[in-house]
Amino acid sequence: MNFGSEISEAFIVCIAAIFTQNILLAYFLGLCPFLGVSREIRAAFGLGLAVIFVMTATTLLNWLAYHYVLVPLQLEFFRFILFIIIIAAFVQLTEMVIERYSPLLYQSLGVFLPLITVNCAILGASLFMVIRDYSFIVTIGYGLGSGIGWFLAIIAMAGIRQRLTNDRIPRGLQGPGIALIIAGLMALAFTGFTGVLQGQ
Amino acid sequence: MKAETKKIALDGLWRNNPIGIQVLGICSTLAVTNLVANTLVMCAALIFTVSFSSATVSILRQLTPRNIRMMVETLIMAFYVIIVDVLLKAYWPEMSRSLGPYVGLIITNCIVMGRCEAYGIANPPGRAFLDGLFQALGYTCILLLIAAFREILGMGTFLGWPVPFFSGPHWDKWIILVMPPGAFFVLGILLWIFRTIQFRKEKTRP
């Protein structure tokens, strides 16, 4: 495959990861923070941005680690541990760098970074990347698209939930219950994008 | 000890059910609830991982330095998940393929870490094992319920076998339930029912 067609494939994969195959609404990854941190838009925004950044970077790092370390050594089954360690180390490093050079960014983003280590969407994106056998350039598109898709979903969710605060919801349905129903409606809306991309 | 076991069992299955009350760890498992068979395998893997890693964390609790315990716990969990993954790949490759990356994602399932942190780290291995076992069983019950609803109403089958009425021509299959939004709806409604019953109980209790 030449360079140009790889770029266009990366673009298609990116759009697909945002809309038709949203990592949250179609694959259920990253649901815990999605339900926990979606009460107000500010927090959701910070967490979403952090996820975009970490997801893009770690899928790339994990791609390199998988194809240049694990495959030559035939240690593919070891990928779970290696990916987790890389993600944790990367998050820790980012936290330190941000704290040192940009206290302002640290204030808005810092609290969310440790949460991300246990976000299954991050590990999930890396595992999908391995299973679907993406090339390096396509992986860039996939990581970025998945991050943006997650970001969009949590922002929309936080916006809706903020408006719900004054509504009368049955007591048993309050909190996670209503959040899941909203997520279902959102997932339904996102399936409407199916067909935007031919051949997907 | 017997009363303790009973309390642990009741907590896991009902009073402190991981999904119904704590709403933990739905991420990686909700995705496979479109078929009952997938859910069964996935939940078996989860039961194995939770109970054994909780017990292992408990055995090592004196030896682990506090500040790196998260890392140690993650490695223990990853160890058991790798065992499951390798076994599935070797003996049941079709299932391994259809579960995709979700077996590996048990590592980041909050419930495994949650039980290790909440119970395994502070209790003897036997009790930690039981706690993990019953928490995971409580989790399994709810997921199986979701999977049964989705498979029967959406496809008219149960474990792949056609169900009399629902696979017939008089039943318009609810395809939406097999698709991702269906999982959200069914879980949301189940949570609603579960919590309403519990709240009612609390009210009647003096």
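## Helix H1 of chain A

Helix H1 of chain A (residues 3-18) contains 16 residues, and the distance from its first C-alpha to its last is 23 Å, close to the 22 Å expected at 1.5 Å a residue; the expected span is 1.5 Å times one less than the number of residues. Helices (H or I, at least four residues) and strands (E, at least two) are DSSP runs numbered from the N terminus. Buried positions in H1(A) are Ala10(A), Val13(A), Cys14(A), Ala16(A), Ala17(A) and Ile18(A). A residue is buried if 20 or more other C-beta atoms lie within 10 Å of its own, exposed if 12 or fewer, and partly exposed in between, with C-beta atoms placed from the backbone. The cover over the buried residues of H1(A) includes helix H8 (136-164) of chain A.

## Basis and confidence of the model

This is a predicted model, in which local features need pLDDT of at least 70 and side-chain atom pairs count only at pLDDT 80 or more, while totals for chains, interfaces and linings use all residues. Residues are numbered from 1 along each chain as its sequence is written, and chains are lettered from A and ligands numbered from 1 in the order in which they are written.

The model has an ipTM of 0.83 and a pTM of 0.85. For chain B the average pLDDT (the predictor's confidence in each residue, from 0 to 100) is 83, and 97% of the residues score at least 70.

The 33 residues of helix H3 of chain A (residues 41-73) should span 48 Å at 1.5 Å a residue, which agrees with the 45 Å between its end C-alpha atoms. H3(A) bends by about 35 degrees at Tyr66(A), the bend being the angle between axes fitted to the seven residues ending there and the seven starting there.

Phe28(A), although not a glycine, has a positive phi of about 60 degrees. Phe28(A) lies in the loop between H1 and H2 of chain A and counts as buried, with 28 C-beta neighbours inside 10 Å. Asp133(A), also not a glycine, has a positive phi of about 60 degrees. Asp133(A) is in the loop between H7 and H8 of chain A and is exposed, with 7 other C-beta atoms within 10 Å.

The largest nonpolar core has 122 residues, of which Val51(A), Ala121(A), Leu123(A), Ile154(A), Val81(B), Ile107(B) and Leu187(B) touch the most other members. The largest share of this core, 13 residues, is supplied by helix H7 (residues 125-155) of chain B. Such a core is a set of buried Ala, Val, Leu, Ile, Met, Phe, Trp, Tyr and Cys residues joined through C-beta atoms within 7 Å.

Of the 31 residues of H7(B), 22 are buried, so this helix is largely enclosed by the rest of the structure. H7(B) is followed by Gly156(B), with a positive phi near 75 degrees.

## Contact between the chains

The contact takes 32 residues from chain A and 36 residues from chain B, two residues being in contact if their C-beta atoms, placed from the backbone, lie within 7 Å. On the side of chain A that touches chain B, the largest share, 9 residues, comes from H9(A).
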